Amino acid sequence: MSGWAKKRFWKETTVAAVEGGFGVFLDGRAVKTPAKAALVVPTEAMAQAMAAEWDAQDGEIDPNAMPVTRSANAAIDKVAIQHAEVADMLAEYGGSDLLCYRATSPEALIARQAEAWDPLLDWAAEIFGARLKPVAGVMFEAQDPAALAALSQEVHRFDNFELAAFHDLVGISGSLIIGFAATRDLQEIEALWKLSRIDEIWQEEQWGRDEDAALEAEKKFQAFENAYRFFKLSNS
């Protein structure tokens, strides 16, 4: 966002239909991406969400307070020009998915992981025909190539805006399957986030809460939730 003005210079923020979708206008001037591309998004709901972010700026513009606009920029300036490469990179998470690497002890943690994660693996097998197998320990173990190919095919189905959101859902959670579960509303987004943090929650229960770690986790959850919202806006 280095190309953006540093201070608010406009009075009115509006949304209008444009060729290819919807755009945001500041005193009638179309907002562009940092790479100077047209900031055109697929749904009016997404454009309205961006307009609300711009309208909320007062004085110094804070890009960190504009998650929808930032994700739209990423979809246009980054994902659109390398869609296949981004999809391939995300699909690779299936080969080392968080849900597949299980603790070897204690028994209570092993059981908790199985109770939380096995249903997600079963769901992926049913919905995508992709059975990923859990393994004990952290040593890499190859997954079924056919399962990985099926998951990769699903990732490549996403459009640029969906893939930008999916990038964060997967990257933040460490799980391709949790990312898919979020896009399909398998569970509430906070519940899915907690499923990605089984190990961290266990450690907190054993050793107590670390405030710095808790603050970092909250920031990650906010980003995870923002990604989910952006995915939904791309289809609203």
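Asp185 is partly exposed, at 40% relative accessible area (buried is under 20%, exposed over 50%, and partly exposed in between, using a 1.4 Å probe and protein chains only). This residue sits in the loop between helix 7 (176-183) and helix 8 (189-195), where helices (H or I, at least four residues) and strands (E, at least two) are DSSP runs numbered from the N terminus. Asp185 isn't a glycine, yet its phi is positive, about 55 degrees.

A quick word on the model: it's predicted, so local features need pLDDT of at least 70 and side-chain atom pairs pLDDT 80 or more, while totals for chains, interfaces and linings use all residues. Residues are numbered from 1 along each chain as its sequence is written, and side-chain values use heavy atoms, leaving out hydrogens and water.

Asp27 also has a positive phi, near 50 degrees, and is found in the loop between strand 2 (21-26) and strand 3 (29-30). Then there's the cis peptide bond joining Ser105 and Pro106, with omega about -10 degrees. Most peptide bonds are trans, and most residues other than glycine have a negative phi.

On to salt bridges (a side-chain nitrogen of Lys or Arg within 4 Å of a carboxyl oxygen of Asp or Glu): the whole structure has 11. One of them pairs Arg8 with Asp55 at 3.4 Å, N to O. Arg8 lies before strand 1 (13-18) and Asp55 in helix 1 (residues 44-55), so the bridge ties together parts 47 residues apart in sequence. Lys194 and Glu190 also form a salt bridge, at 4.0 Å; they're 4 residues apart in helix 8, about one helical turn.
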